Amino acid sequence: MDGKDGRFSRRRQCLGLLVGGALAGLVAPLWAQTGSRRSSLRIVVPFAAGGTSDLVARLLAKHLPEVLGQTVMVDNRTGASGNIGIASVARAQPDGGTVLLVSSSFVTNPALHPEGGLYDPIKQFAPVGLVVTSPDVIVVRADSPFHSLQDLVDASRTRADGLTYSTPGTGNSVHLGGELLWQRTGGHFLHVPYAGAAPALVAVLGGQVDCGLTSLPAARPHLDSGVLRALAVGSRERWPTLPDVPTVGQTGVSDYQSETLQAMFAPVGLPEQEVLRLNTALRQVLAKDDIRKALVDQGFVVVGSSPQALAQRVAEEVPRWAAVARAANVRLD
């Protein structure tokens with residue numbers, strides 16, 4: 001190699017180093033922004049283990065690593081009707097390492113606080129996708145004397161102190177759906193809230209309360225085993241796997257629907273490309289036949305929406321449940 005060729009070779013090497021360094025400078029910040037180099041993803045569930053949100057989160061945690069290439073873990077942070085866990089995600093860094101899997105209480109809680117609550121469901125979160133919905137269900141013990149919703153309501157009217165019912169917490173959509181139901185039927189019921197669907201159902205099983213309202217997936221194992229009996233479901237139509245259970249509407253309550261949403265959110269500020277990456281992974285998991293079947297069999301309607309569709313749903317649900325809460329005078333002081 002002569003001197004001239006040597007100079008050209010050295011120039012090419014220097015140019016390559018410069019270009020490589022420039023590209024690294026561009027790519028590294030992108031990785032840092034999207035969080036794609038993080039080795040793990042934490043799904044915060046603001047309710048107790050065994051509840052509906054927890055069931056969905058653990059199913060996703062099992063299958064998302066195949067798509068995301070990350071370890072996925074579930075972090076149950078309970079308390080204050082879900083506010084503690086939800087607020088912790090609102091304060092988390094928008095780096096792709098933390099998401100929230102939450103029920104409809106996400107949109108109901110802020111309206112129940114005199115000062116507006118611990119978080120803003122619209123301003124402090126980036127919607128990732130609506131995962132599933134499920135109808136709410138009214139359940140009693142298998143040996144209960146109540147065999148229909150009308151039996152339950154009639155008994156509540158005749159007893160001096162009424163009847164008691166459990167829900168997975170105060171102010172969530174299940175509770176507010178119950179309050180709306182008793183208003184429509186003239187029932188006399190005392191609300192007994194619990195920290196999640198699992199303990200609320202244990203109270204029904206143990207006879208601490210007369211009945212319970214919860215999402216169908218949370219109650220499904222107990223219905224299948226025969227220890228609980230469903231009196232009615234809050235969906236518009238009868239549930240396919242519970243053909244003998246009427247809807248609330250079929251019992252004579254007009255224009256009634258109560259369902260629980262399960263949705264994924266990230267802290268606001270997460271870059272759009274990372275939100276889309278999470279949404280794509282979520283949809284890929286929900287598109288698998290075995291996973292869809294497992295969810296449907298448990299009582300879910302599989303949705304897998306876009307971030308935009310979830311944002312629109314939140315914008316509609318916030319004022320809707322705020323109006324119900326005001327009518328029922330439900331507050332979280």
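**Strands, helices and aromatic pairs in the predicted model**

The secondary structure of the protein comes to eleven helices and ten strands, where helices (H or I, at least four residues) and strands (E, at least two) are DSSP runs numbered from the N terminus. The model is predicted, and for this reason local features need pLDDT of at least 70 and side-chain atom pairs count only at pLDDT 80 or more, while totals for chains, interfaces and linings use all residues. Residues are numbered from 1 along each chain as its sequence is written, and side-chain values use heavy atoms, with hydrogens and water left out.

Of the 333 residues in the protein, 53% are buried; buried means under 20% relative accessible area, exposed over 50%, and partly exposed in between (1.4 Å probe, protein chains only). Among the contacts in the protein with a separation of 6 or more, 78% are between residues 24 or more positions apart. Contact here means heavy atoms within 4.5 Å.

Strand 3 (residues 98-102) has five of its five residues buried, so this strand is largely enclosed by the rest of the structure. In a regular strand, side chains alternate between the two faces of the sheet. Both faces of strand 3 are covered, with Thr98, Leu100 and Val102 buried on one side and Val99 and Leu101 buried on the other. Strand 3 pairs with strand 1 (residues 40-45) in the parallel sense over three bridges; two strands pair if DSSP finds at least two bridges between them. Within this pairing, Val44 has Leu100 of strand 3 as its bridge partner. Strand 3 also pairs with strand 9, in the antiparallel sense and over three bridges. Here the bridge partner of Leu100 is Phe265 in strand 9.

Phe265 also takes part in an aromatic pair. A pair of aromatic rings is described by the distance of the centres and the angle of the planes. Rings of Phe, Tyr and Trp (its six-membered ring) pair if their centres lie within 6.5 Å; planes under 30 degrees apart count as stacked, over 60 as edge-to-face and the rest as tilted. A search of the whole structure finds eight aromatic pairs. One of them is the stacked pair of Phe106 and Tyr119, with 5.7 Å from centre to centre and 20° between the planes. This pair links distant parts of the chain, 13 residues apart: Phe106 is in helix 4 (residues 105-108), and Tyr119 is in the loop between helix 4 and strand 4 (125-141). Phe106 is buried, with a relative accessible area of 1%, and Tyr119 is buried at 4% relative accessibility. The ring centres of Phe125 and Phe265 are 6.3 Å apart and their planes are at 75°, so this pair is edge-to-face. Because Phe125 lies in strand 4 and Phe265 in strand 9 (residues 259-267), the pair ties together parts that are 140 residues apart in sequence. Phe106, Tyr119, Phe125 and Phe265 form one aromatic cluster.

Strand 4, which holds Phe125, pairs with strand 7 in the antiparallel sense over four bridges. In this pairing, Asp136 has Ser215 of strand 7 as its bridge partner. Strand 7 (residues 211-215) is mostly covered, with five of its five residues buried. Strand 7 is also joined by two bridges to strand 5 (residues 163-167), and these two strands run parallel. The bridge partner of Ser166 in strand 7 is Gly212.

Val139 is another residue of strand 4 and is buried, with a relative accessible area of 0%. Leaving aside residues up to four places away in sequence, Val139 touches Leu201, Val204, Cys211, Gly212, Ala219, Leu223, Leu228, Arg229 and Ala230. The C-alpha atoms of Val139 and Arg229 are separated by 5.5 Å, although the two residues are 90 residues apart along the chain.

The axes of helix 7 (residues 197-205) and helix 8 (residues 216-225) come within 10 Å and cross at roughly 35°. Axes are lines fitted to C-alpha atoms, for helices over the stretch in contact, and angles run from 0 to 180 degrees between N-to-C directions. The crossing of helix 7 and helix 8 is right-handed; a crossing is right-handed if the near helix is turned clockwise from the far one by less than a right angle, and left-handed if anticlockwise.
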